[in-house]
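Please keep the sequence and the three-dimensional view at hand while reading.

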Amino acid sequence: MYKKAILGTVLSLSFMSLSYAADPWMSPEWTKKFCDYWNQHLQTTMAEWAEYNVKKEKGYKTIQFYRQDCNPHKKVEVRIKYENGKSVCIYGGEAKDPNPEFVMYATDQNWKSLAKGEFGFMGMGIMSKMTFQGSKVEAMKFMEPFKAFLIGLGKVPYSDSCP
């Protein structure tokens, strides 16, 4: 009985330290880790989108996003380059691109809902849960890859504190 109590205490402390170790969701540090996640899980899923309509002068596409509930609003971004048939995240961090292809923001509740895959009617729920700036035609054309991107936002450990 005594061993179980000690084990339970050790496990509880371990889980508590893990929650403190996680970066704030959508902070520059967290976004760097999301870029790593992208390169492990989304390169194939997002490849066709990454190749579509790339501005030659940039050579990559940028998605910026932020949490509406956090003030001030701190945008982060991922830059995606099409290479050898894959979409490669070449940067994740603080928003720097003055001309991103997409800017997205939502409340924390809606981001979490989207990251769980709760999209509503044929993905149209995405547009009602977040504010989206960029080509809606492009977003609709690549709805399935964008769903994978949104679900990926919930896959990298994070804390709920604001960046």
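A residue is called buried when its relative accessible area is under 20%, exposed when that area is over 50%, and partly exposed in between, with a 1.4 Å probe and protein chains only. By this definition Cys70, with a relative accessible area of 3%, is buried. The model is a predicted one, in which local features need pLDDT of at least 70 and side-chain atom pairs count only at pLDDT 80 or more, while totals for chains, interfaces and linings use all residues. Residues are numbered from 1 along each chain as its sequence is written, and side-chain values use heavy atoms, with hydrogens and water left out.

**Disulfides**

- The structure contains two disulfides, a disulfide being a pair of cysteine sulfur atoms within 2.5 Å.
- One of them joins Cys70 to Cys162, with an S to S distance of 2.1 Å. Cys70 lies in the loop between β1 and β2 (76-83) and Cys162 in the segment after α7 (143-152), so this pair ties together parts that are 92 residues apart in sequence.
- Helices (H or I, at least four residues) and strands (E, at least two) are DSSP runs, numbered from the N terminus.
- Cys35 belongs to helix α2 and Cys89 to strand β3 (residues 86-94), so the bond ties together parts that are 54 residues apart in sequence.
- Both Cys35 and Cys89 are buried. Their S-S torsion is about -120°, so this disulfide too is left-handed.
- With bonded cysteines counted along the chain, the disulfides follow the pattern 1-3, 2-4.

**Helix α2**

- The 14 residues of α2 should span 20 Å at 1.5 Å a residue, and the end C-alpha atoms are 20 Å apart, which agrees. The expected span is 1.5 Å times one less than the number of residues.
- Which residues of α2 are buried? They are Trp30, Thr31, Phe34, Cys35, Tyr37 and Trp38.
- These residues cover an arc of only 160° around the axis, which puts them on the same side of α2. The arc is that of the directions from the helix axis to the C-beta atoms.
- An α-helix has 3.6 residues a turn, so residues three or four places apart point the same way.
- The exposed residues Lys32 and Gln40 are carried on the face of α2 turned away from its buried side.

- β1 and β4 run parallel and are joined by five bridges; two strands pair if DSSP finds at least two bridges between them. Gln64 has Val103 of β4 as its bridge partner, and Arg67 stands opposite Ala106 in β4.
- β1 also pairs with β2, in the antiparallel sense, over five bridges. Here Phe65 stands opposite Val76.
- Strand β4 (residues 102-106) is mostly covered, with five of its five residues buried. Phe102, Met104 and Ala106 point one way, and Val103 and Tyr105 the other way.
- Three bridges pair β4 with strand β5 (residues 131-133) in the antiparallel sense, and Tyr105 stands opposite Thr131.

**Aromatic rings**

- The whole structure holds 16 aromatic pairs. Rings of Phe, Tyr and Trp (its six-membered ring) pair if their centres lie within 6.5 Å; planes under 30 degrees apart count as stacked, over 60 as edge-to-face and the rest as tilted.
- Phe34 and Phe65 form an edge-to-face pair, at 6.4 Å centre to centre with 80° between the planes. This pair links distant parts of the chain: Phe34 is in helix α2 (residues 28-41) and Phe65 in strand β1 (residues 61-67), 31 residues apart.
- Phe34 counts as buried at 0% relative accessibility, and Phe65 counts as buried at 0% too.
- Ring pairs link a cluster whose members include Trp30, Phe34, Phe65, Phe102 and Phe132.
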